[in-house]
Amino acid sequence: MEKGVLFIALLISAFYSSSEAADSQTSFEDNFSIMWSEDHFKTSEDGQTWYLSLDKDTGCGFQTKQRYRFGWFSMKLKLVGGDSAGVVTAYYMCSENGAGPERDELDFEFLGNRTGQPYLIQTNVYKNGVGGREMRHMLWFDPTEEFHSYSILWNNHQIVFFVDEVPIRVFKNNGDEKNDFFPNEKPMYLFSSIWNADEWATRGGLEKTDWKRAPFVSSYKDFSVEGCQWEDPYPACVSTTTKNWWDQYKAWHLSDSQKMDYAWVQRSLVIYDYCKDNERYPKLPGECSLSPWE
């Protein structure tokens, strides 16, 4: 896995973004706005760590002030510790402020569990309001003990979900009209939130949130984006250009070392893959035929 981290670092340094592409700043206020329940949001004394809390009354969430179309998006999270059954921490990109009927969306969702049971991470992809592309993975560490990075690489050729620079999911685009389920047209905001989802999140809703343990707190730091910041009607950095590493040939495919990490994830950590759910999809969605290795 160390080689995969090195590959990302070298790729970023070799093709550092131009002035057309946005680069993040350290201040929360520079990048984000609180979506709701500002009294459930706190920062550390130095302002570098941010906390969202959930109690029986409400959760909390924030979103970027800017929209992006393609790039590298990363944040370090430390999840709710202890008994977190029913609690979902969401970290995602979406083309709309709300769950609109025509939205595009790329999701990380962290599904809480009873004490001693592992966290599950669910990813999903939406296009024009249609999802149903869930995958679930186990993690190879306890995400409540320390911060770990969760990242999305998004270009016109693939969407890759990373955990600590290890690719856990690859969603490909081959440009074929038959594969029309690839979100590549709408710019997206980046969001995070904590909320109660005990009707489905833990063991299909069998485990309910224990409100005696509230508040539930998720922690964030080190937001990083190297992407094409949207400007109406159409920003120049959307076009393929050698100025942006995240839209170059090396970023269109997994590297050899990343393929090794990805193979390990597929063998060891996948809990659910919609592309293998023939009961749910007697005819599998078209993108399921695309190889993540190419």
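W264 is partly exposed, with a relative accessible area of 25% (buried means under 20%, exposed over 50% and partly exposed in between, with a 1.4 Å probe and protein chains only). The model is a predicted one, in which local features need pLDDT of at least 70 and side-chain atom pairs count only at pLDDT 80 or more, while totals for chains, interfaces and linings use all residues. Residues are numbered from 1 along each chain as its sequence is written, and side-chain values use heavy atoms, with hydrogens and water left out.

Turning to the active site, the unreviewed UniProt entry gives this annotation to E105 and E109; positions follow the numbering used here, feature names are shortened, and annotations may be inferred rather than shown by experiment. E105 is found in strand β8, residues 105-111, and E109 lies in strand β8 too (strands are DSSP runs of E, at least two residues, and helices runs of H or I, at least four, numbered from the N terminus). Both are buried, E105 at a relative accessible area of 9% and E109 at 12%. The side chain of E105 makes a polar contact of 2.7 Å with that of R103 (a pair of N or O atoms within 3.5 Å; within protein, one must be able to donate a hydrogen and the other to accept it, and residues adjacent in sequence count only if both atoms are side-chain atoms). R103, in turn, lies over the face of Y126, 4.4 Å from the ring centre (CZ of Arg or NZ of Lys within 6 Å of the centre and within 35 degrees of the ring normal).
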